[in-house]
Amino acid sequence: MTGRVLRGVAAVVVFLVSVFPVYWMVLTAFKPTRDIQAETPTFLPLSLTFEHFGTAVSAQGFWSFWRNSILVAGGAVLLSLVVALLAAFAVARLRWKGRRGFILMVFVAQMTPWEALLIPIYVIARDAGMLDTLWMLTLVYFMITLPFTVVTLRGFLAAIPVDLEEAALVDGCSRAQAFRRVVFPLLAPGLLATSLFGFITAWNEFAFANVLIIKDQDDRTLPVWLSSFSNTFGTDWGATMAASTLFMLPVLLVFLVLQGRVTTGIVGGAVKG
Amino acid sequence: MTTTLTRAVERRPPSTPPPPRRRRTSWWPYLLIAPTVLATGFLLLYPLARNVVISVHEFGLPQLVRGDARFVGLANYARVLADPEFWAVVRRTLVFTAINVVLIMVLSTLVALLLVRLGKWARLLVMTGLVLVWATPVIAATTVFQWLFQSRLGVVNWALVSLGFEGYRDYTWFADGPATFGILVALIVWQSVPFAALSLYAAMVTIPSELYEAARMDGAGAWRVFAAITFPMLRAMFGLITCLEVIWVVKAFVQIWVISQGGPGQATTTLPVYAFQVAQSLQRYDLGAAVSMLMVLLLVLVLLAYFRQLYRQEEVS
């Protein structure tokens, strides 16, 4: 009996410690300024306001940072999806010399400590005249997400039995139709999950965006802008938390869409390859 | 894209049974992997090679602008390795990593063990919380932690004062080295526990319950069951996750850079932050490159251990 109570208490503690910072962020974003600056903080949403979201959204350049983030993350994910699908197909469905070596290369590439490549990539971008361009950032994010995309897509493709394609052929489909009608619909959820996960990675990336976009402040992405919130909002914590909430919103939506697949599929894929 | 793929499909002989599908070597697979190989070459291997090249030249701001770097061999490495500050950074990185990884592994194991024992609804509740943390972007987490520990209006100081620790009234956490260090540890542990706990939990549920029942029949206590069954069964998984966490903590850059830029003083300067500081603030790209190469070397050692664990894990399953 005491064991059950202890476990219950532990569960509540774990839940509260996990959720509290995020709850506090959202709550602060909705709190009127006088409540934020009150001596004793309020822990429940008693009076709510959208004022801080207004401040955040009307901050200078907010929409262009938002657009840049979407362009860069979306571009990188589309690119890596196309490139990775080709490679994943070759690995999962065809036999060829050097296949094992290629898989090993992808696995090693997945573990790249990108933080160690900030300096050379800055120098390369500078030499190529690609500093302060969203293109350079898109290319880097494409490469960061590529190995992961190949590994997961290969897993999803391998899970689709070849027999299904062959059955379609027997029923009179051409190869093209078999792929489009049989393989593709089965692969679609995998493609969605993989691309959304890649999107989050690129959406959240800070280090390269901070190094590669320096002069042209309008070309910054949301993470870099948000990291220097005190320049924008000073000590306006309501607006800062509103901006953070808005930044987190797409990621949260993605996790909701993926739900179980995120915890089981992706983890399984990441750990077991 | 689809046409390329379907043509690739067509290359396969129709209606032969699945492997062994031996036929004359076709150039299709190589064409399909060509974009991946090219991208890896240009965007990963080339920068890595460039880092090595920079690290063996004298490469400061003038060389960056004019591009006439002088080859200096291993002089940059010698200079870095002779610098007591570098060794202080290495020591700090190791301490930082050790504290973080131990906390992450202990807490994740406890949370995973808790998840196994919880009822359906309580488990769902805790898992929802964990996934929420996992979904929180690093930058959002850094802004929130700065807000939590804010000196005048921060909720942490309010809670501490309410609990009777008057010294924390208007306490400025980020002006103090060890305090900032502690906040960064809290932030990284908070962010890392969900992945480790959920992975360990997923592995724990694969252990047949008969084993536990047998152990309990023999009168084994909770600790004994963990030491005799859970841990040995999941040894490879523990090894794997520990390696991953070590890698992630060693190269943790964003959290530290955004919250403290390695400060106050040098209190939170770990290897990646140091490499970046040297390159950016001092504009000694050569020394920065040398430091980051040394960090890569350190990570490769951990990575080798990781791949060995992965190999073992594959053999088990």
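Hi everyone, thanks for coming. Please keep in mind that what we are looking at is a prediction.

Let's start inside. The largest nonpolar core holds 164 residues, and A87(A) and L137(A) have the most contacts within it. Which helix gives this core its largest share? That is helix α4 of chain A, residues 62-93, with 16 residues. If you click on L137(A) and skip its neighbours within four places in sequence, you will find it in contact with V72(A), F208(A), A209(A), L212(A) and I213(A).

Now for the place where the chains meet.

Next, a pair of helices in chain A. The axes of α1, residues 2-30, and α13, residues 237-258, come within 7 Å of each other and cross at roughly 125°. The crossing of α1(A) past α13(A) is left-handed. From α1(A), the residues involved are M25(A), V26(A), T28(A) and A29(A), and they meet a set in α13(A) that includes W237(A), G238(A) and M241(A). By class, this contact has six nonpolar and four polar residues, and no charged ones.

Over to chain B, and F195(B), which sits in helix α9, residues 177-204. Is F195(B) buried or exposed? It has 22 other C-beta atoms within 10 Å, and 20 or more counts as buried, so F195(B) is buried. V133(B) is 62 residues away from F195(B) in sequence, yet their C-alpha atoms are 9.5 Å apart in space.

Finally, some backbone details for those of you who like loops. The peptide bond from G263(B) to P264(B) is cis, with omega near -5°, and P264(B) belongs to the loop between α13 and α14 of chain B. Two residues other than glycine have positive phi: D132(A), near 65°, and Q283(B), at about 55°. D132(A) is in the loop between α6 and α7 of chain A, while Q283(B) is in the loop between α14 and α15 of chain B. D132(A) has 18 C-beta neighbours inside 10 Å, so it counts as partly exposed. With 16 such neighbours, Q283(B) counts as partly exposed too.

That's my tour, and I'm happy to chat.

Terms used. Residues are numbered from 1 along each chain as its sequence is written. Chains are lettered from A and ligands numbered from 1 in the order in which they are written. This is a predicted model: local features need pLDDT of at least 70, side-chain atom pairs count only at pLDDT 80 or more; totals for chains, interfaces and linings use all residues. A nonpolar core is a set of buried Ala, Val, Leu, Ile, Met, Phe, Trp, Tyr and Cys residues joined through C-beta atoms within 7 Å. A residue is buried if 20 or more other C-beta atoms lie within 10 Å of its own, exposed if 12 or fewer, and partly exposed in between; C-beta atoms are placed from the backbone. Helices (H or I, at least four residues) and strands (E, at least two) are DSSP runs, numbered from the N terminus. Two residues are in contact if their C-beta atoms, placed from the backbone, lie within 7 Å. Axes are lines fitted to C-alpha atoms, for helices over the stretch in contact, and angles run from 0 to 180 degrees between N-to-C directions. A crossing is left-handed if the near helix is turned anticlockwise from the far one by less than a right angle, and right-handed if clockwise. Ala, Val, Leu, Ile, Met, Phe, Trp, Tyr, Cys and Pro count as nonpolar, Asp, Glu, Lys and Arg as charged, and the others, Gly among them, as polar.
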